[in-house]
Amino acid sequence: MRIHKLQIQAFGPFAQSEAINFDELADAGLFLLDGPTGAGKSSILDAICYALYGSLPGNRAGSRQIRSDHAAPGLEPQVICELTIGNRRFEVTRSPAWMRPSKRGKNQLTEQKAASLLREFTGGTWEQLSTRNDEVGQVLGGLLGLDRDQFTKVVMLPQGGFADFLRAKAKDREELLANLFDTSDYAAIEEEFSTRLAEERRKSEALESSLAASENAIRSEATGFLAAHEIPGDEAADTEDPQTEPVDVANEFESYQQRIARTHRALADTAGQLRTALKTAREHSQGLGEQVRVFARLQELEQLKDSYTQQHPAAVSAGQKLEHDSKAIAVKAYKVQADEAVQKQRTTSAAWQKSQIELAKDWDFAGSADAETQEKLAELVRQKQSELTLAKDAAADEAGREALVAKHEGLKSQSTVQQKAKDTAEQLVAKLRAERGELELEELDQEAVAQLVQQLRESTQALGVQLEHARTRDKLEKTVAAAESAFAAQSLEVADAQKALVDLQREQLGQSALRLAAALKDGEGCLVCGATEHPHPAQADAGAQLVDDEQIQQLDDVVAAQRAKLATATTKRDVAVTKFTAASEAAAGQTVAELTEQLATETTQLETATQEQTRIAAVIKKIDQLRTRIETETGRASQAALEHTAALKAAEALAEKIADLDAKLDRVRQGEGNLEQLVARLQRAVADYNRGYNALYRYREADAAALKAENTWHKERKAAGFPDPLAHQAALLPDAERAELRDLVTADADRASAISTLKASADYLRAVELNTEGIKPPTEEDLELAAAAVTQADAGYEQARELEVLAHGTASRHAQSVQDLQALRADSGPVIEAYRRLRGLAEVIRGGGENLYKMTLSTYVLAARLEEVAIAASQRLDVMSGGRYSLHHDDSKQGNSKSGLGLRVLDAWTGKHRETQTLSGGETFMASLALALGLADVISHHSGAVDMQTLFVDEGFGSLDAETLEQVMSALENLRAGGRTIGLVSHVAEMKQRITNRVTVVKTQHGSRIEREMQALVSI
């Protein structure tokens, strides 16, 4: 990911629109972001984060105070960031929610919602991808492979925070690592194991409880049943002496099963005997009941026969009356229709007669109740309706006549006004043309003046650059001399160190015989001659010291260090000479004073030319304004002339329309002075004629319907057998009598049917058979004795049957319960074993049990990440510290506390590990910066993020000495290899001298602004 451009407007401390071109900064690789405290350096980083993710980093993520308080009231807060992710180039524009001025809002303000726009540069043009606030962040975050917090840690490296991390204790370091790396999945695994362990513990305890409860339930049911129902004296039912040793559960339950089975067989035999006795009692009782039923049916038949003989004649007479009544009811509806039709004929006749009287009185109309009169009335209605429509239209036209007259007067007045406007506009045009002619006579060579201004501006800028090079050349003279002197001095140091090494090596070579003599032992062969006797070994002078290999190596290391310093001095000298040469060539041999004088002269000439250019531009602008006004006023005069002519023509047409309207009104009035009275008279005529027509129409229809209904009534009555209306009325029965006769006929039919059914029944035939055999009906006493015998036998059998079923159920349940208990024992074994294994694993995950490091799973993962960070950081720290320091992950135990998150520093000079707290301020800065860079690499690796080509490093450079600072800068130079752009956020003055490729944030009481500084040469 590379950032190309950033534009900030009314954002944070920036009141106006500020822009940073990172592509220009990328040319040098390193740039410095400086400015006083509170100026807004961090706001630049906030703007980048807000552009990509739509929120501020860290604890300011939910802040709504984004818009600058210094900005003008109507200026929209906005951030525009142009960047490349992979091989795709994007432009993201975001505007946070803000209160914009409004005339209608509360307190003259209204809320403007947040807005976003994401565009991609494809095919040579920008194409819109999204305008949704959330979607823009999702697209960019997905392409980057980082969320907002990861982005701020990878791209914006807070060195100070990592210094705290470096010195923190293991517990505090764990909290910081947990914020950097997401271990929620591993924490969820820990929680899952705890949940599963609790669940398995519950299952295991429930199984053990269930086993004990099952045994007790089986034992309780068996002993309870045997105690209540086992037959006393049974030789197999002897119980063991309670003082004897208890048997195992399997044998105990088998004994219960056998005793319950014997008890069941005995109870089953008893139930069989009682079932036979019950069957015999029921058969006897059923026989007596059958005799009672058949003799009752015989007696019922005799009673029905007597009743039928007495009431049948009356039923026959009732049937005849009901038949006549049914016919009379069938034709009664025709009489009702005839009566209703006659009544309607009378009503409509009265209405027609009333209408005849009103028409004759009011309108002198006469006519009879025939079709001719009806058609005549219809024609009169149509005629009067037509006259009424014409009268209403004329009344509406008369009401609009006054408006037409008023409009006519208005058009006449309008034509007069337009004539005056035309005259005024023509006079103004003449005046403006005269003024433009005077201005056009002046000398106005705008192009020549513009060329002069451009030439002077380019000349002034070139002189300014040449003057700056001259000043730099003068400053670099001393620097070059100092660099040459330092190079010479370091060359002598290297020569001295090399001479001392050669002298020591020669001395060691001269001591070869002494070292061989010191290694000789009696009886062992000499390394030179092979002799086992050594009579005259070489002897060292008194007080002489042998030169060993360690001394040679130490002096060799000193030579290497001096050579490294010489290389640095050589680089500084070469850079200084190169810069001095370039500055001298750019200054072209002129002095600072000469260039200053030339620049002042050119500047004065530029100011004079600029003033002349401004004057000419103002005159030309005035001429253009006059030309525009002349065109406007000329058009206005033409428009006024057109409108004057149009108003005159419209007034003439309207006068003709008013005359035509007056003629039309005279024709419609028909001699009436008032059109309203004419409309009222015609409306009354239409209503009266329409009412007369409707009355005649209804009367004629009712008269025809009445005649038809009377004829139908007489025809249907005679067809039903009633010669006259009196005979029909006599045949109709009252409702109560009709219902009584119907009941009588129905009861007679039911009795006849019942007699036939009983004679054909089996009960009647059986009763006749019993009478033939001489058998009499049973007495009540016989029935009661038989019922009592059945009840007693049934009660005895049911009790025995219940005991048999109970015994059978108890035996079955006992066998099934024992089988279930065995199955439960078999199933519970693996569950309990699984619980024990899970308990051991869960304890290890929680940092207990066999976990010797006392680390939880989450801590173990963080320790692995810390180890990766330490390896990556050591690669940076090795360069910064000149190969002296490296960071190492320490997982050793600290007492009873959990281990795994320790950090130690290996000092290559001593070969020993050191605590991080023992590092000096500069060493701590180097180590914490290395940690920050290493962390960025690890986070990018694990998140699958794209390569970050733009990075920011925050503060801490003030704690470094010159040599260490040089090493750190070399490490940062390595960071920008491959085209990276590194921004350093620092207040250190020496950094400003070393890095002149700067972005400076200037703080003022009216808001901050951004100044871009880039010089071709830098001071060493």
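How far apart are the end C-alpha atoms of helix 18, and what span should its 66 residues give? Let's start there. Helix 18 covers residues 780-845, and at 1.5 Å a residue it should span 98 Å; the end C-alpha atoms sit 90 Å apart, which agrees. That expected span is 1.5 Å times one less than the number of residues. There's a bend, too: about 25 degrees at Ser828, with a proline, Pro830, following within four residues. The bend here is the angle between axes fitted to the seven residues ending at a residue and the seven starting there.

Quick housekeeping. This is a predicted model, where local features need pLDDT of at least 70 and side-chain atom pairs count only at pLDDT 80 or more, while totals for chains, interfaces and linings use all residues. Residues are numbered from 1 along each chain as its sequence is written, and side-chain values use heavy atoms, with hydrogens and water left out.

Okay, the overall picture. The protein chain has 22 helices and 17 strands; these are DSSP runs, H or I of at least four residues for helices and E of at least two for strands, numbered from the N terminus. Of its 1020 residues, 36% count as buried, meaning under 20% relative accessible area with a 1.4 Å probe, protein chains only, where over 50% is exposed and in between is partly exposed.

Now the largest nonpolar core, with 80 residues, where Met1, Leu6, Phe22, Ile44 and Phe151 touch the most other members. Such a core is a set of buried Ala, Val, Leu, Ile, Met, Phe, Trp, Tyr and Cys residues joined through side-chain atoms within 4.5 Å. Helix 20, residues 921-943, gives the most to this core, with ten residues.

Take Ile44. Neighbours within four places aside, its contacts (heavy atoms within 4.5 Å) include Leu6, Phe14, Val1001 and Ile1010. Ser43 is in helix 2, residues 41-53, and is buried at 13% relative accessible area. Leaving out neighbours within four places, Ser43 is in contact with Phe11, Pro13 and Phe14.

Last stop, Thr84, in strand 4, residues 78-85. Is Thr84 buried or exposed? Buried, with a relative accessible area of 17%. The Thr84 side chain makes a polar contact with the His4 side chain at 2.5 Å. By polar contact I mean a pair of N or O atoms within 3.5 Å; within protein, one must be able to donate a hydrogen and the other to accept it, and residues adjacent in sequence count only if both atoms are side-chain atoms. Beyond its neighbours within four places, Thr84 also contacts Met1, Arg2 and Arg89, among others.
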